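This briefing goes through one protein chain by topic. Please keep the sequence and the structure open while reading.

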Amino acid sequence: MNFGAVPTVGVTDLKDDDFLLDVREDEEWQAGHAEGALHLPMSEFVARYGELTEAAPQDGRVHVICRSGGRSAQVAMYLNQQGVEAVNVAGGMEAWQATGRPVVTDAGEPGAVV
């Protein structure tokens, strides 16, 4: 699949209040995630799409993240086709962690990217 048409941003371009959608699977999320992100696994994404439309800012864009950038690019492409302004976060949670951004568990403890 060609992701060249998917708008992409780097982790360092994200602001603290940007809306972040994590599309990794449950076990990846539980190991560690960005605080405040909305979690909708890619495998359940279409079925749970309404949760995104309720949570996403009406006039802002959705920053989609996965482990390394492949799944999030697919979801960002889908969202753009649905008329939602979405961008792929290049490098995913691996880049997030590498730049020193916090990774937490649901309990607020330090987490890990798996």
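Gly50 lies in helix H2 (residues 49–55); helices (H or I, at least four residues) and strands (E, at least two) are DSSP runs, numbered from the N terminus. The model is a predicted one, in which local features need pLDDT of at least 70 and side-chain atom pairs count only at pLDDT 80 or more, while totals for chains, interfaces and linings use all residues. Residues are numbered from 1 along each chain as its sequence is written, and side-chain values use heavy atoms, with hydrogens and water left out.

**Gly50**

- Gly50 is partly exposed, because its relative accessible area is 35%; buried means under 20%, exposed over 50%, and partly exposed in between (1.4 Å probe, protein chains only).
- Between Gly50 and Ala37 there are 16 Å in space, C-alpha to C-alpha, and the two are 13 residues apart in sequence.

**Overall make-up**

- The protein contains four helices and five strands.
- Read from the N terminus, the order of elements is β-β-α-β-α-β-α-β-α.
- For 114 residues a compact globule would have a radius of gyration near 13 Å, and the protein agrees because its value is 13 Å; the radius is taken over C-alpha atoms, and the globule rule is 2.2 Å times the number of residues to the power 0.38.
- The C-alpha trace spans about 35 × 25 × 25 Å along the principal axes.
- Of contacts between residues at least 6 apart in sequence, 61% join residues at least 24 apart, where contact means heavy atoms within 4.5 Å.

**The sheet**

- Strands of a sheet pair through backbone hydrogen bonds, either parallel or antiparallel.
- Here five strands form an open sheet in the order E1-E5-E4-E2-E3, with parallel pairing; two strands pair if DSSP finds at least two bridges between them.
- Strand E1 (8–9) and strand E3 (38–39) are the edge strands, each pairing on one side only.
- E1 and E5 run parallel and are joined by two bridges, and Val9 stands opposite Val89 in E5.
- E4 pairs with strand E5 (residues 86–89) in the parallel sense over three bridges.
- Across from E5, Val62 stands opposite Ala86 and His63 stands opposite Val87.
- Strand E2 (residues 19–22) pairs with E4, also in the parallel sense, over four bridges, and Phe19 has Val62 as its bridge partner in E4.

**Burial of the strands**

- In strand E4 (residues 62–65), Val62 and Val64 point one way, His63 and Ile65 point the other way, and all of these are buried.
- E5 is covered on both faces: Ala86 and Asn88 are buried on one side, and Val87 and Val89 on the other.
- Across the protein, buried residues make up 43% of the 114 residues.

**Surface and charge**

- The accessible surface is about 5,900 Å², and 48% of it belongs to carbon and sulfur atoms; areas come from the Shrake-Rupley method with a 1.4 Å probe, and for residues only the protein chains shown count as cover.
- The protein has 7 positive and 18 negative charges, whose mean positions are 6 Å apart.
- Lys and Arg count as positive and Asp and Glu as negative, while His and the chain ends are not counted; a charge is placed at NZ of Lys, CZ of Arg, CG of Asp or CD of Glu.
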